Amino acid sequence: MKKMVRLISTFTTLVLVLSTLGACGKTTTSATTAAGNAAGAKKQIGYFKAAADDYYKAGWDVFKALADKEGWDVQEVVGDGTDAKMLAAVEDFISQKKDAIVCVQTTAAVGGESAKKAKEAGIPFYSLTHQPQVTKGFEPTGAVCYNWQADGVIAGESAAKAGAKNIIIIEGVQGQGTAAAQTVGFLEAYKTAGIDVKVVFTGYGNWFAQGGQKAMDEAIASVGAKGFDGVYVHNDEMLDGALQAMKNAGLDPSKFWIGCSNGKEKSWQWVKDGEVSMDVNQTPTLEADLVYQMIQAQFAGTTYKHYVYSILKPFTKDAMENLVPYIRDDYMAGRAADKFTYKLSDPAVKEWSF
Amino acid sequence: MNQKEVTVHIAKEKKVSIFKRYENSTVTTILISFVLLIAAVQFVIGAIGGNIALPTIISPNNMFNILMQVSVAGLLAVGMTLVMVTGGIDLSVGMLVSLTTIFMAKCVTDWGMSVPLALILGLMVSVFFETLLGFIISRTKVEPFIITLGGMITFQGIALLLCDSREVRLLKGEFDFLKVNFIQGASFNGLNLIIPPYVIIFIAATAVIWALMKYSKYGRRMYAVGSNPHAAFLAGVDVKNMKMSVYSLNGVLVFLASVALNSRLGVAIISGGQGLEIDAIAAVVIGGVAMSGGKGNAWGALIGAILLGTIGNAMSMLKLPGEWQYMVKGAVIIISVVAGSISAMFSVRSASKRKKA
Amino acid sequence: MSDDKVFEPSSCSIEQKDERPEALLRLHNVSKTFPGVRALNNIDFDLRKGEVHCLCGENGAGKSTLIKILSGAYQPDEGGEIYFEGRNVKLSPHIAISLGIQTIYQEHTAFNELNITENIFTGLEISNHGLVQKKEMEKRTAAVLDYLQSSLTPNMLMGDLSSGDQKTVEIAKSLVLDRKVIILDEPTASFSVSEIEHLLEIIKTIKQHGIGIIYISHHLDEVFKIADRVTVIRDGQKISTYACSDLNENMLIKDMVGRDASTFYKRESVPLGEVMYEAKNITGNGAKNVTFQLHKGELLGVAGMIGSGRSELMSVLFGAAPSQSGELFIKGKKANLRNPTSAIKNRMCFITEDRQNTGLFLQHSIARNTIVANLVNSKAFFMKPSEDYKTGDKYIKLLGTKAKNSHVLVVNLSGGNQQKVVLAKWFNTNGEIYIFDEPTRGIDVGAKQEIYQIMVNLLKQGKAIIMVSSDMPEVIAMSDRILVMKDGEVKAVLSKGEISEENILIHSIGGSKI
């Protein structure tokens, strides 16, 4: 038995160590310091993403590209959507004494908790894409996100102008703070214009095409082909599915007002083709760029805006110049050529406070 | 490679000198060897870069972090030990944690109850549901796997109904009392050291359950039922009620895990307990509890939980892609189970050799 | 069934010597040795076409070993030969089946979820270029069932049929698939009267097709009704072969019996005391109307053929199986034994037949195994492992168990030592009424004697023992009185003077309800 135990222990430990080191080839830096922070050493950044989501990935790609140019060493951690993983990741970043932490949070409450821990440890903490719920005195060092309500207002104005009165709204996940704000803004636009509007159906597409299609199928079945004249979908992926649902039902999208948010490359084609009336270019790439600039300023010791909204760029068939790309290489090229506004200091980048 | 010899050397030393007839020697050896090795690797890499410093994996701050990070799953692992030693299994614990956390959060926020009352009700909720599962399992011939799978899905539904599919924020920090730092003010190398009450509860619960299993009549009956239910029945053990009671006890541990989770996160959400049953079962299996029952103890589960947490932590400290930790964890689980059956095979073979002699 | 087979009437001629060229199946000089025991010793046996040849013998005489050799499951020792239709063959289960030898065991291996046709044809489906010919298979099945004058139809589900009907299907299979030899092992266990009649009719029918039938049974009345010849084996040897006209019950029993009583274990006698345990009209779990008394210092043996319901009765006596009617008394007071826990509280112990599956916790230590039954009696909630080990060591010493100490895992012990651990478990409860079920099964001779001595010591201490045993020498040597069971009933209670192999056998076999 003793021999068995020895054998098993040795073998298992070997497996553990070898596989832990097995990914060595994947890491970009070879001379990583264990305790970092010595003067002149590379800056260590911790970057946490709530889940494996395309949106977050697009932002990460740009941030990484910019960070590499700067010579920063960025550690990427992808969560599984649970708060526990996020908290653990941030705690680990703190143990390693990172020079800065970027966090795309899972929930607002725990995002705020993470910001608090970072503050206590004296590490600059930046919330990306989602706003945390903060404890006074423990706000994050910086935050970049989009003004979802304003996003909704833009869409609402477009729909009202087009004369759409019976709207199908397809949101992401019921009860998720960000999404609700979009709908609020949308309806607010109508109120401001003094026009009546009826939301004939609200569906939830879970942010993905499959869900969007299902929600749209249910909507059409519920109100009938003649029962609506406008569709507001909260993101491009779901819109993809919703358009498919409409086509399957024999409906022509170009005959309806259809609005969305995200403004990905695929949507540019839809808008150009007239299938979709309008979309709002709100890229994670720009968000990531802004947070990068914040950290850059932080390291340099210069002043900078701390809590900002990234730039919303609505577009329609007739107004589609210089849209901000999601694809990293296109983004970096456009950035280099100054094709769109990206500077943190630009007045179009509006500040807000907690 | 240098590392290999170091591994064998350390493993041998540890095994012979410290752990003689200790049931958990395998998993403890693996944990300690693993940590020391990763530390060695970190140290070497640092030295190459011209930086001599304490490897972060064994920095006090990190080690306390690991304890905090594994406490919730660890408490579930202790409960799972009880269930698995009697030959059962419980897939519902993850979702039951979600349900209980949401329930208690609702109590103090929307339903205006005091925290102590919420705690009592929360305990009743988790014990009630577990007892229900235990009742069905002990009175029917259906596999516990299936019953608790059904339980898992049902609990998810109830939880979603309670919270209306959204998170329940504990804005006033009602559960923060379990998060206070016992060693407030202690720090090492500029980082605060934290030992919150829920870590103490985790360790205490492990000790209590371990003592129950080793030093009581009840514990002996547990092992008998897990090893051979029919023989246990003929030896006068009330097999039916024993099987049910371990699920009830598990309910208490699920409650403790839920309270710990609420205090750690400050928000109750359906994804809170997601996947925790897998972590618990993995920890327990790695810690030496046989899936067939009759073997294992609570300390093994604790060490198994810590080992699982350390794997992910090590990935982070070495800045390796986190995706690898799933493969590594999976490999460890498979090895632990295979090792268990191989050593069983060995003992049967040597037994039959003896018989022939 | 379309071919008309020419059939030979069953012959009733006297013959003792073999060497008939038309023997369908013949065993010559067949022996079978296992480590430590010679199960079969130079057996000569033959089976003719269209003959029903019955095989009789006590428990452990070697019948099942013989069957296994005939079905190809075992290989005979060097020097033994098997001839099939005159050719020397080496059998394996596969070869046996392909030659046309079908064995129908006592335990069912039918596919309960499939129907009769499927059960018959599984593995041997009629197919045309890979497509199964369902209609053809059903047709043949129906024809055979019709021929056997059975009310069964090809589409009935196997699981819905009674045991009698299932056996009928097995036999029908032999006709459909053109078998040549059928071996039936105790086919009428738990059959009703009409089912037995029906089976015998079917056998008479199929033998007209030249199928040779080996029929193993201890129900002598069935044997007399159906046999063309009867062979008796005892202790692995063929004692005699009779033609049907020469049969009588006494001769058969005399042949089955016949051990030298002087070789039996001799135990010291112990004076008997008051009644400690009494059963009155106990019915349940297969037992019917069982009544007996057990005295202090007495060893009451329970004998009977396999399937007579002895172990099932013991379960009821111990409270492990419910009784439907009847009463139990312990030391004169009515006892309500709802479960083993109450039995143990009443100072009862049950050493089961199958120690590995029902008596031991193999992966645990001797100590753990020793203390488990006494948990019922211990008042304390807290216990120390060191105390367990002490208790375990105490019994190792007391019983002479060959183990280093009580930390040793039970799975590592030999059969005899494992049985001692079982004994330790029960001695630890300080029981007074012991039920032993096959106490020395699978244990070598030396250890057997030790166990007998332990049992006698118990009697000397004023305990009482009920002992189920299929080992004739054992039950005769050890018992003060013997209950002989058959079909769940106690057929006889033999007092000390009445105990003999013959007497036991007479009551345990013989007429079923025909």
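I began with the division of chain C, which is split into domain 1 (23–112 + 180–256), domain 2 (259–347 + 465–514) and domain 3 (349–430), the bounds coming from an automatic or database domain assignment. I noted that this is a predicted model, in which local features need pLDDT of at least 70 and side-chain atom pairs count only at pLDDT 80 or more, while totals for chains, interfaces and linings use all residues. Residues are numbered from 1 along each chain as its sequence is written, and chains are lettered from A and ligands numbered from 1 in the order in which they are written.

I then looked up how domain 1 and domain 2 of chain C meet: their C-alpha centres lie 31 Å apart, and 16 residues of domain 1 are in contact with 15 residues of domain 2, contact being C-beta atoms, placed from the backbone, within 7 Å. On the domain 1 side, the elements giving two or more residues are α6 (193–207), α7 (220–226) and α8 (249–256) of chain C; helices are DSSP runs of H or I with at least four residues, strands runs of E with at least two, numbered from the N terminus. By class, I found 6 nonpolar, 5 polar and 5 charged residues on that side, where Ala, Val, Leu, Ile, Met, Phe, Trp, Tyr, Cys and Pro count as nonpolar, Asp, Glu, Lys and Arg as charged, and the others, Gly among them, as polar.

Notes: Two residues are in contact if their C-beta atoms, placed from the backbone, lie within 7 Å.
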